[in-house]
Amino acid sequence: MNGDDGPARRALVLVENLSVPFDRRVWQECTTLRDAGWEVHVICPRGEKRDTEPEAVIDGVRIHRYPLRAATGGPAGYLREYGTALWHTLRLAREVGPVDVVHACNPPDLLFLPARWLKRRGARFVFDQHDLVPELYLSRFDRGEDLLYRAVCALERMTYRAADVVLATNESYRDVALRRGGRRPEDVFVVRSAPDIDRFHPVPPEPELKRGKPHLLCYLGVMGPQDGVDYALRALAKLRDELGRTDWHAVFVGAGDAFDAMVELSRQLGLSEQVQFTGRIPDADLVRYLSTADVCLSPDPRNPLNDVSTMNKVLEYMVMGRPIVSFDLREARVSAGDAAVYAPANDEGAFAGLVAQLLDDPEERARMGKIGQERIGGQLAWRHSQESLLAAYAAACRDHTPVSQNGPVRTGRRPRR
């Protein structure tokens, strides 16, 4: 993109809700930009057990991290978290110096504030919409369209208005950017998330992970109030109690602010002997579980957010060649197609029935797994998203003079290696 006639253009990626490179989508975007000749900086929170260094250079990407305590309790906790994040983001952005593009990833829809400050200094603003925050608010807190809902809608509008281009994770999100955000079609680019095929590839199954049972069920993902782990647990209780199936062991991989509540719900349902919660685990262990799983679970209930969101776990199940049971969500069907079977929305009994059906049909499981791998290697492959990402940057930087041609670039402190 930059050619050989000048210094590399500089991009600054802002992330608040995950550390980098733990955020796989952001990391794939960063390495794509790096390979296209961009000098890439990232500002993000520090992780708790990984990504803990304040500064790092990883594979040529410069990462600047700040301490952040995740919100607990009510609105005051979120005000404290977001206020702290914005202060550190502005502080570190000053140290990075001038950039050609500021690339802000939500949630929250507050990063347009440092992005606007950088725009006044010559940057172009790319808004990477990972979540629809108004729908997230409705789905997570179940408070209806109250004052806080109207506030997050206003912040979303301001973010859309400030952006030069918008990255949408799927066509449903793109439609929101056009309809609700008032963006022009040529300014909105679909950059779908895709699993890292270097990280995810099947290995030989390990029957001992099934804890003596014929079958292994697997859930991978965040465990928040809107993620449906409670639906999965109630469906497994029905699988045992109503369908008489005890020929399975289930493993739930991941963490989140509902983790403790889900462990307790499992105990209340009498599932403790058959359901294992691992928390977050190393990639190698995750691949072992997925390679051994007979059926993978995507129990996200239908709500305003989930129906239009692409679930990373579905894509990761597919790249591993696993059959999926999901509730019938619009974007779940777009992603998985015939690699999944779909229960009527939020119907735990039907979900359990489909799990039992797949456990009894190994040929169908193999057929669905092959379909998933073919989709990930074809129409859903990351190479298509790379093309869209670079096209979005080209559109944002059209007629833009690189900051490196406006004078010396201040790089801040030398990152630690």
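Biologist: At what angle do helix α4 (residues 133–141) and α5 pack, and how far apart are their axes?

Modeller: Two packed helices are described by the angle between their axes and the distance between those axes. Here α4 and α5 pack at about 160°, and their axes are 8 Å apart (axes are lines fitted to C-alpha atoms, for helices over the stretch in contact, with angles from 0 to 180 degrees between N-to-C directions). That makes α4 roughly antiparallel to α5 (over 145 degrees; under 35 is roughly parallel, 65 to 115 roughly perpendicular and the rest oblique). This is a predicted model, in which local features need pLDDT of at least 70 and side-chain atom pairs count only at pLDDT 80 or more, while totals for chains, interfaces and linings use all residues. Residues are numbered from 1 along each chain as its sequence is written, and side-chain values use heavy atoms, with hydrogens and water left out. Helices (H or I, at least four residues) and strands (E, at least two) are DSSP runs numbered from the N terminus.

Biologist: Is the crossing of α4 and α5 left-handed or right-handed, and which residues make the contact?

Modeller: The crossing is right-handed (the near helix is turned clockwise from the far one by less than a right angle; anticlockwise is left-handed). On the α4 side, V133, P134, Y137 and L138 make the contact, and they meet L148, Y149, V152, C153 and E156 of α5 (heavy atoms within 4.5 Å). By class this contact has eight nonpolar residues, one charged and no polar (Ala, Val, Leu, Ile, Met, Phe, Trp, Tyr, Cys and Pro are nonpolar; Asp, Glu, Lys and Arg charged; the others, Gly among them, polar).

Biologist: At what angle do the axes of α3 and α5 cross?

Modeller: Helix α3 (residues 112–119) crosses helix α5 (residues 147–162) at roughly 25°, and their axes come within 10 Å. That makes α3 roughly parallel to α5. The crossing of this pair is left-handed. F112, R116 and K119 of α3 make the contact with L155, M158, T159 and A162 of α5. Four of these contact residues are nonpolar, one is polar and two are charged.

Biologist: Where is P107 found, and what kind of peptide bond joins N106 and P107?

Modeller: Most peptide bonds are trans. P107 is in the loop between β5 (101–105) and α3, and the bond joining N106 to P107 is cis, with omega about -5°. Another cis bond joins P107 and P108, with omega about 0°.
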